[in-house]
Amino acid sequence: MSWQITYKIKRYHPDQGSRVDTFQVEIEPERTVLDGIELIWAKQDRTLVFRHACHHASCGSCGLVVNGVEVLPCIKLIQDATTDGGTLEVEPLRNFPVVADLVVDMAPFFERMQLIGMPIVGPTGPLPGQEPDEYTAFENCIECGLCLSACPVVATDSKYLGPAALAAAERVIEVSEGRLSDEVLAAVDNEHGLWRCHAAFECSEVCPSNVDPAGRIMALRRRMTFERLRRLVGAKG
Amino acid sequence: MSSTEEYLEESKTYPGHKVRRPGSQVSRWFAPWKRGLGTWGFVLNRVAGLGLVLYLFLHLAVLSLLTRGQEGWDAFITLAKSPLFLLLDVVLLAGILGHGLNGLRVALIGTGLLVRWHRPLFIAVAVIAVLGLVAGALLFFSA
Ligand code: HEM
Ligand code: SF4
């Protein structure tokens, strides 16, 4: 049985400015929010601009804000997002420049990830001494940017390195057995780096890959706090 | 909550294309709606912190009445004992308890301790703050 859903989609075109368009969609509740957007594009408005690829939460390209919360619409079921006769307010990710309609420019995010120099291929299991249940592999990050969209600090500091890149830094240090390379250190140990976080934990709330960026930032802070204390008392090495 | 002060900007990635940017960076942190306990903690902590800074200046201004002799001060003390003022004292206590206790929570978490317990810790902070507030209010109004 199909549900009747109202999609309110935020639109933007450089020549036309911003507006919200409303579409009525008949769709089964077991289908996804992205399915509905594709139906709108196929049957009602071919000019709707949105981004997607894999449809199963591994490419990280379709991230949106739906009813005020960041989601991957490719795995968000209609029935988990609203009720029969309900409304879905769909907006592009926050804190990114909007290129058109639902598509944002991810370049500022990818530049930050590059700065950390996280290798694409890395260890896949817990490191020696790590409990399997404590282990949140940064390698699972799909670079979707949901964490940057949800973070209230990214919203107010455009230079903030942001959750994913800081979590990547902690992983890089962890994998190299605690050694801090000068480049990573310079990128994270400053007022737009790990000290900027205000522990709102919103990144971990929305992360679809269970990377727990906030937990990793706190681990990085602990590491850096002890590192500074060590340097303060004059320890070498 | 989306910003109403969006503006257009030349894109750095797509030359010749105008991108839409979010608005003012000053107020966009105040968006706890539909967010988790962590964000509520952050927002309330910031509001209380700013409130305490405001109070500090008010407090100094009021203390400066002392330089104007006994009469001005006595008049202020009479005013300070009025129920409306006592209610403001309760608001101040809420700010101190909320900010101070949550500050301890943030300091703990920020040192990498009890990170996974940040939600229960927030609830504990809220419960202790409310109990302290009720005790304080009873004390203010019975004194
Ligand atoms: C009772 C003892 C206090 C403790 C334990 C405490 C703790 C903290 C902590 C941990 C933060 C950082 C919060 C974060 O990262 O989000 C903070 C921020 C702040 N505190 Fe306090 N504080 C105390 C008293 C005060 C007082 C008396 C004032 C004002 C006169 C004040 C004003 C502020 C302000 C304005 C901020 C910045 C808030 C923000 O940027 O979000 N604090 N405090
Ligand atoms: S840390 Fe999580 S939310 Fe952030 S980019 Fe990676 S997968 Fe997405």
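## Where the chains meet

Chain A and chain B bury about 3,100 Å² between them, with carbon and sulfur atoms giving 49% of that area; buried area is the accessible area (1.4 Å probe) that two parts lose on being put together, summed over both. This is a predicted model, in which local features need pLDDT of at least 70, side-chain atom pairs count only at pLDDT 80 or more, and totals for chains, interfaces and linings use all residues. Residues are numbered from 1 along each chain as its sequence is written.

From chain A, 37 residues take part in the contact, and from chain B, 33 residues (contact means heavy atoms within 4.5 Å).

## Bridges across the interface

Three salt bridges are counted between chain A and chain B; each is a side-chain nitrogen of Lys or Arg within 4 Å of a carboxyl oxygen of Asp or Glu. Glu70(A) and Arg35(B) meet through their side chains in a salt bridge, at 2.9 Å from N to O.

On the side of chain A that touches chain B, helix 8 of chain A gives the most, with four residues. Helices (H or I, at least four residues) are DSSP runs, numbered from the N terminus.

## The iron atom

Let's turn to ligand 1. Its iron atom has His99(B) as the only protein donor, through NE2 at 2.0 Å. Donors are N, O and S atoms within 2.8 Å of the metal (3.2 Å for Na, K and Ca), and water is not among the atoms, so sites may look incomplete. You can find His99(B) in helix 3 of chain B, which covers residues 83–110.

Conventions:
Chains are lettered from A and ligands numbered from 1 in the order in which they are written. Side-chain values use heavy atoms; hydrogens and water are left out. Helices (H or I, at least four residues) and strands (E, at least two) are DSSP runs, numbered from the N terminus.
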